[in-house]
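Colleague: Can you walk me through this one? I would like to start with the strands and helices.

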Amino acid sequence: MPVVARLPRQARPIANTIQGQYASLLRSQGSQAYMATVVKPGVTGIMKRYSWRSLEPTAGNYDFSELQSDLSWAQSQGVRLIVMIEDKTFVPERATPAYLDAYSIPNIGGGYSTLRWNPYVISRMQLLLRAMGRFDSNPWLEGIATQETAMSLPSTALDANGYTPEKYRDSYITMLNTASTSFPTSRIFWFMNFFPRNQAYIGTIATAMIGKGVVMGGPDVLPDEPALLNMTYPFYDQFQGKLPLFAQIEDICYRHLHATAGYATKYWTPTESFRFARDELHVNYLIWVRIPVPSPSDAYYWNDALPVIATNPTFN
């Protein structure tokens with residue numbers, strides 16, 4: 001894919017967002033040799049995870065060597081890169097630097113969640129974003145990404161650590177504003193799904209981000225999931241045409257059961273998931289997680305998505 005010159009964001013209407021299909025890599029799939037396995041027809045780019053700890057090994061000391069190497073690799077392959085900054089895990093290891101261990105606590109997913117509403121955490125994330133802003137001019141960087149708004153923390157942990165939905169709302173607005181300022185031409189992919197104790201604040205944050213290069217979306221294209229249908233998907237309708245939008249198809253999406261009659265298959269097919277994301281969620285970007293094998297064995301997986309990606313490189 002030839003490089004496309006980018007205008008400052010204020011000159012880039014939503015309709016001119018670089019649209020298309022992206023591949024998302026799991027935590028164990030970060031090598032460039034593995035990244036090469038997703039460079040397929042129709043794939044515009046790759047989203048790769050970088051732990052906060054790897055980007056800032058010690059306080060104030062940044063290591064962007066892997067990111068720089070990956071951007072050079074992306075140029076050689078003709079694909080764009082979305083950089084996801086990990087501050088939450090679902091495995092028993094922290095994603096944050098060791099100096100932030102006191103602000104990263106066990107979650108119900110078997111990993112750790114960072115206290116994103118804590119002022120010290122916010123200030124340190126702002127410094128990281130400003131340091132990373134040096135890469136904004138790289139034409140192969142499509143943008144940076146957050147992790148989902150869901151914290152995976154029980155109410156007791158939220159209360160014990162001073163959580164309020166207002167603090168959490170304000171922390172996102174602060175961090176997304178810093179990201180927007182630090183990356184004036186790149187996109188900021190804001191993963192939203194559930195907001196503890198005040199779901200309406202998703203809309204408050206989204207409204208504050210209009211015109212600032214933020215792309216709103218989230219994990220899980222699950223057309224028959226009541227919680228998403230009732231609490232999260234309405235924001236796609238509300239902000240269509242106001243913000244660029246994206247969605248990510250994850251492992252559970254490849255095995256999402258049809259809950260209504262009239263379908264020939266047991267699970268939602270990749271084609272059906274694509275059409276739902278395109279037509280009902282109005283996405284500008286669709287991100288497919290590179291699931292290497294089907295689970296269970298009769299489910300769909302990455303290979304089943306490839307024909308859909310190849311025939312729909314752009315779709316808005």
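Modeller: One convention before the angles: they run from 0 to 180 degrees between N-to-C directions, with axes fitted to C-alpha atoms. The model is predicted.

Colleague: Fine. Which strands does α11 lie across, and at what angle to β10?

Modeller: α11 lies across β1, β2 and β10, and runs at about 155 degrees to β10.

Colleague: What do the strands form, and in what order?

Modeller: Eight strands close into a barrel, in the order β1-β2-β3-β6-β7-β8-β9-β10, with parallel pairing. From one strand to the next the twist averages 25 degrees.

Colleague: How many bridges join β1 to β10?

Modeller: Five, and the two strands run parallel.

Colleague: How do α10 and α11 cross?

Modeller: Their axes come within 9 Å and cross at roughly 50 degrees. That makes α10 oblique to α11. The crossing is right-handed.

Colleague: Which residues meet there?

Modeller: From α10, P270, T271 and F274; from α11, D304, A305 and V308. By type, the residues of this contact divide into four nonpolar, one polar and one charged.

Colleague: Other topic. Where does α4 lie?

Modeller: Helix α4, residues 119–132, lies across β3 and β6. Its direction is at about 160 degrees to β3.

Methods:
Residues are numbered from 1 along each chain as its sequence is written. This is a predicted model: local features need pLDDT of at least 70, side-chain atom pairs count only at pLDDT 80 or more; totals for chains, interfaces and linings use all residues. Side-chain values use heavy atoms; hydrogens and water are left out. Helices (H or I, at least four residues) and strands (E, at least two) are DSSP runs, numbered from the N terminus. Angles under 35 degrees count as roughly parallel, over 145 as roughly antiparallel, 65 to 115 as roughly perpendicular and the rest as oblique. A crossing is left-handed if the near helix is turned anticlockwise from the far one by less than a right angle, and right-handed if clockwise. Contact means heavy atoms within 4.5 Å. Ala, Val, Leu, Ile, Met, Phe, Trp, Tyr, Cys and Pro count as nonpolar, Asp, Glu, Lys and Arg as charged, and the others, Gly among them, as polar. Two strands pair if DSSP finds at least two bridges between them.
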